[in-house]
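Hello,

Here is the structure we discussed. Please look it over, then read the notes below.

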Amino acid sequence: MNSIIELLTNILNQLYFVVNDWGITIVLITLIIKILLLPLTIKQKKGLQLQQKFSKELETIKKKYSDDKKKMEQEISKISSKYSGSMLGCLLTFVQLPIMISLYRAISCIPIEITSTILLPWINNIKAPDTYYIIPIISIIVHLLPNIMYYLNIFKDLEIVKPNKIMIITTILINSLFISQAPVIIGLYWIISGLYTFIEQFICNIVMIRKKASSETCINNGLKN
(Lines give C-alpha, C1' and ligand atoms only; values in the text may rest on other atoms or scores of the structure.)
Protein backbone atom coordinates (compact mmCIF):
# COMPACT_ATOMS: atom_id res chain seq x y z
CA MET A 1 0.00 0.00 0.00
CA ASN A 2 2.80 2.44 0.89
CA SER A 3 4.46 1.94 -2.49
CA ILE A 4 1.18 2.77 -4.26
CA ILE A 5 0.76 5.90 -2.12
CA GLU A 6 4.33 6.98 -2.94
CA LEU A 7 3.77 6.40 -6.68
CA LEU A 8 0.51 8.37 -6.69
CA THR A 9 2.11 11.19 -4.67
CA ASN A 10 4.89 11.47 -7.25
CA ILE A 11 2.34 11.55 -10.09
CA LEU A 12 0.35 14.25 -8.28
CA ASN A 13 3.47 16.36 -7.83
CA GLN A 14 4.44 15.95 -11.49
CA LEU A 15 0.97 16.91 -12.67
CA TYR A 16 0.96 19.96 -10.41
CA PHE A 17 4.36 20.99 -11.81
CA VAL A 18 2.77 21.01 -15.30
CA VAL A 19 -0.62 22.65 -14.61
CA ASN A 20 0.28 24.69 -11.48
CA ASP A 21 -3.23 24.26 -10.01
CA TRP A 22 -4.16 21.68 -7.38
CA GLY A 23 -7.80 21.60 -8.44
CA ILE A 24 -6.94 20.71 -12.05
CA THR A 25 -4.32 18.27 -10.74
CA ILE A 26 -6.96 16.36 -8.78
CA VAL A 27 -9.26 16.26 -11.81
CA LEU A 28 -6.46 14.88 -14.00
CA ILE A 29 -5.26 12.20 -11.55
CA THR A 30 -8.85 11.04 -10.99
CA LEU A 31 -9.47 10.72 -14.74
CA ILE A 32 -6.14 8.94 -15.27
CA ILE A 33 -6.95 6.37 -12.58
CA LYS A 34 -10.46 5.83 -13.93
CA ILE A 35 -9.26 5.38 -17.51
CA LEU A 36 -6.54 2.93 -16.47
CA LEU A 37 -9.15 0.91 -14.58
CA LEU A 38 -11.58 0.98 -17.52
CA PRO A 39 -10.84 -2.59 -18.76
CA LEU A 40 -11.40 -3.85 -15.22
CA THR A 41 -14.61 -1.85 -14.94
CA ILE A 42 -15.97 -3.23 -18.22
CA LYS A 43 -15.26 -6.77 -17.09
CA GLN A 44 -16.95 -6.05 -13.78
CA LYS A 45 -20.09 -4.69 -15.49
CA LYS A 46 -20.28 -7.76 -17.72
CA GLY A 47 -20.00 -9.92 -14.62
CA LEU A 48 -22.86 -8.04 -12.95
CA GLN A 49 -25.05 -8.49 -16.03
CA LEU A 50 -24.35 -12.22 -16.02
CA GLN A 51 -25.11 -12.36 -12.31
CA GLN A 52 -28.53 -10.83 -13.00
CA LYS A 53 -29.18 -13.40 -15.74
CA PHE A 54 -28.11 -16.16 -13.36
CA SER A 55 -30.53 -14.91 -10.69
CA LYS A 56 -33.43 -14.85 -13.16
CA GLU A 57 -32.69 -18.34 -14.47
CA LEU A 58 -32.36 -19.58 -10.89
CA GLU A 59 -35.80 -18.22 -9.97
CA THR A 60 -37.30 -19.81 -13.11
CA ILE A 61 -35.82 -23.20 -12.25
CA LYS A 62 -37.07 -23.02 -8.65
CA LYS A 63 -40.60 -22.32 -9.82
CA LYS A 64 -40.51 -24.90 -12.62
CA TYR A 65 -39.17 -27.76 -10.49
CA SER A 66 -40.67 -26.85 -7.13
CA ASP A 67 -42.09 -30.38 -6.88
CA ASP A 68 -38.95 -32.17 -8.01
CA LYS A 69 -35.98 -31.26 -5.81
CA LYS A 70 -33.59 -33.68 -7.49
CA LYS A 71 -34.25 -32.21 -10.93
CA MET A 72 -34.01 -28.73 -9.45
CA GLU A 73 -30.56 -29.44 -8.01
CA GLN A 74 -29.38 -30.82 -11.36
CA GLU A 75 -30.56 -27.73 -13.25
CA ILE A 76 -29.08 -25.38 -10.67
CA SER A 77 -25.77 -27.22 -10.96
CA LYS A 78 -25.85 -26.75 -14.75
CA ILE A 79 -26.40 -23.00 -14.68
CA SER A 80 -23.89 -22.59 -11.83
CA SER A 81 -21.23 -24.18 -14.03
CA LYS A 82 -22.35 -22.02 -16.94
CA TYR A 83 -21.93 -18.72 -15.11
CA SER A 84 -19.20 -19.48 -12.55
CA GLY A 85 -16.21 -18.37 -14.65
CA SER A 86 -17.91 -15.32 -16.12
CA MET A 87 -19.03 -14.03 -12.74
CA LEU A 88 -15.44 -13.60 -11.53
CA GLY A 89 -15.62 -10.10 -12.97
CA CYS A 90 -17.77 -9.11 -9.99
CA LEU A 91 -14.97 -10.05 -7.59
CA LEU A 92 -12.44 -7.90 -9.42
CA THR A 93 -13.97 -4.78 -7.89
CA PHE A 94 -11.81 -5.43 -4.81
CA VAL A 95 -8.69 -4.82 -6.90
CA GLN A 96 -9.71 -1.17 -7.21
CA LEU A 97 -9.98 -0.60 -3.47
CA PRO A 98 -6.23 -0.40 -2.64
CA ILE A 99 -5.72 2.07 -5.49
CA MET A 100 -8.59 4.31 -4.43
CA ILE A 101 -7.62 4.21 -0.76
CA SER A 102 -4.01 4.99 -1.65
CA LEU A 103 -5.08 7.92 -3.83
CA TYR A 104 -7.23 9.28 -1.00
CA ARG A 105 -4.29 9.06 1.42
CA ALA A 106 -1.88 10.57 -1.11
CA ILE A 107 -4.18 13.56 -1.61
CA SER A 108 -4.67 13.98 2.14
CA CYS A 109 -0.92 13.98 2.82
CA ILE A 110 0.13 16.47 0.15
CA PRO A 111 1.79 19.54 1.74
CA ILE A 112 -0.15 22.14 -0.28
CA GLU A 113 1.20 25.69 -0.17
CA ILE A 114 -1.19 27.35 -2.64
CA THR A 115 -4.61 26.77 -1.12
CA SER A 116 -6.87 28.04 -3.91
CA THR A 117 -7.87 26.73 -7.33
CA ILE A 118 -9.33 28.30 -10.44
CA LEU A 119 -12.00 25.58 -10.51
CA LEU A 120 -13.51 26.67 -7.19
CA PRO A 121 -13.28 30.49 -7.06
CA TRP A 122 -15.29 30.82 -3.82
CA ILE A 123 -12.81 28.60 -1.92
CA ASN A 124 -9.91 30.25 -0.07
CA ASN A 125 -8.44 27.08 1.43
CA ILE A 126 -8.80 23.71 -0.33
CA LYS A 127 -7.27 21.97 2.71
CA ALA A 128 -10.30 22.92 4.84
CA PRO A 129 -14.00 21.98 4.52
CA ASP A 130 -16.27 24.17 2.38
CA THR A 131 -17.94 26.58 4.81
CA TYR A 132 -20.56 27.44 2.17
CA TYR A 133 -21.47 23.73 1.82
CA ILE A 134 -21.51 24.05 -1.97
CA ILE A 135 -19.11 21.11 -2.44
CA PRO A 136 -21.24 18.73 -0.28
CA ILE A 137 -24.40 19.77 -2.17
CA ILE A 138 -22.75 19.18 -5.56
CA SER A 139 -21.42 15.84 -4.30
CA ILE A 140 -24.88 14.71 -3.18
CA ILE A 141 -26.38 15.60 -6.58
CA VAL A 142 -23.59 13.88 -8.52
CA HIS A 143 -23.80 10.66 -6.50
CA LEU A 144 -27.59 10.61 -6.72
CA LEU A 145 -27.51 10.76 -10.53
CA PRO A 146 -26.76 7.02 -11.04
CA ASN A 147 -29.69 6.13 -8.76
CA ILE A 148 -32.13 8.55 -10.40
CA MET A 149 -31.00 7.58 -13.91
CA TYR A 150 -32.89 4.28 -13.91
CA TYR A 151 -36.20 6.09 -13.38
CA LEU A 152 -35.84 7.91 -16.73
CA ASN A 153 -38.13 6.74 -19.54
CA ILE A 154 -35.23 5.99 -21.90
CA PHE A 155 -34.02 3.26 -19.52
CA LYS A 156 -37.42 1.77 -18.65
CA ASP A 157 -36.86 -1.24 -20.94
CA LEU A 158 -33.60 -2.21 -19.25
CA GLU A 159 -34.01 -5.20 -16.96
CA ILE A 160 -32.16 -3.60 -14.06
CA VAL A 161 -33.33 -3.44 -10.47
CA LYS A 162 -34.06 0.16 -9.58
CA PRO A 163 -32.45 1.52 -6.41
CA ASN A 164 -34.87 1.78 -3.52
CA LYS A 165 -35.49 4.77 -1.27
CA ILE A 166 -33.22 3.41 1.45
CA MET A 167 -30.27 3.31 -0.95
CA ILE A 168 -30.96 6.88 -2.09
CA ILE A 169 -31.28 8.15 1.48
CA THR A 170 -28.06 6.32 2.43
CA THR A 171 -26.24 8.04 -0.45
CA ILE A 172 -27.42 11.43 0.78
CA LEU A 173 -26.41 10.73 4.38
CA ILE A 174 -22.94 9.39 3.53
CA ASN A 175 -22.16 12.35 1.30
CA SER A 176 -23.55 14.83 3.81
CA LEU A 177 -21.54 13.45 6.73
CA PHE A 178 -18.33 12.67 4.88
CA ILE A 179 -17.89 15.54 2.41
CA SER A 180 -19.14 18.28 4.75
CA GLN A 181 -16.26 17.48 7.11
CA ALA A 182 -13.61 16.59 4.50
CA PRO A 183 -11.13 19.03 2.95
CA VAL A 184 -12.32 20.61 -0.29
CA ILE A 185 -9.57 18.85 -2.23
CA ILE A 186 -11.01 15.46 -1.16
CA GLY A 187 -14.52 16.65 -1.98
CA LEU A 188 -13.37 17.62 -5.48
CA TYR A 189 -11.88 14.17 -6.02
CA TRP A 190 -15.13 12.59 -4.78
CA ILE A 191 -17.22 14.71 -7.18
CA ILE A 192 -15.06 14.04 -10.24
CA SER A 193 -14.97 10.33 -9.45
CA GLY A 194 -18.76 10.21 -9.07
CA LEU A 195 -19.36 12.24 -12.23
CA TYR A 196 -17.09 9.97 -14.26
CA THR A 197 -18.87 6.88 -12.91
CA PHE A 198 -22.27 8.37 -13.83
CA ILE A 199 -21.19 9.23 -17.40
CA GLU A 200 -19.60 5.80 -17.81
CA GLN A 201 -22.78 4.04 -16.62
CA PHE A 202 -24.99 6.29 -18.76
CA ILE A 203 -23.00 5.40 -21.89
CA CYS A 204 -23.07 1.72 -20.92
CA ASN A 205 -26.87 1.84 -20.58
CA ILE A 206 -27.26 3.56 -23.96
CA VAL A 207 -25.15 0.81 -25.56
CA MET A 208 -27.30 -1.84 -23.86
CA ILE A 209 -30.50 -0.21 -25.16
CA ARG A 210 -29.15 -0.10 -28.72
CA LYS A 211 -28.06 -3.73 -28.56
CA LYS A 212 -31.48 -4.74 -27.27
CA ALA A 213 -33.23 -2.73 -30.00
CA SER A 214 -30.96 -4.22 -32.66
CA SER A 215 -31.61 -7.75 -31.36
CA GLU A 216 -35.38 -7.21 -31.37
CA THR A 217 -35.21 -5.83 -34.93
CA CYS A 218 -33.33 -8.92 -36.12
CA ILE A 219 -35.89 -11.21 -34.46
CA ASN A 220 -38.82 -9.32 -36.03
CA ASN A 221 -37.20 -9.40 -39.47
CA GLY A 222 -36.62 -13.12 -39.08
CA LEU A 223 -40.28 -13.68 -38.23
CA LYS A 224 -41.42 -11.68 -41.23
CA ASN A 225 -39.19 -13.69 -43.57
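This is a predicted model: local features need pLDDT of at least 70, side-chain atom pairs count only at pLDDT 80 or more; totals for chains, interfaces and linings use all residues.

The end C-alpha atoms of residues 166-192 are 24 Å apart, and this span is 93% helix and 0% strand. Helices (H or I, at least four residues) and strands (E, at least two) are DSSP runs, numbered from the N terminus. Residues 132-154 are 70% helix and 0% strand, with end C-alpha atoms 35 Å apart.

Numbering runs from 1 along each chain as its sequence is written, and side-chain values use heavy atoms, without hydrogens or water.

Now helix 1. Its buried residues are I5, L8, L12, L15 and Y16 (under 20% relative accessible area; exposed is over 50%, partly exposed in between; 1.4 Å probe, protein chains only). They sit on the same side of helix 1, because they cover an arc of only 100 degrees around the axis (taken from the directions from the axis to the C-beta atoms). On the other side, S3, E6, L7, Q14, F17 and V18 are exposed.

L12 touches W22, T25, I26, I29, A106, I107 and I110, leaving out residues up to four places away in sequence. Contact means heavy atoms within 4.5 Å.

Best wishes
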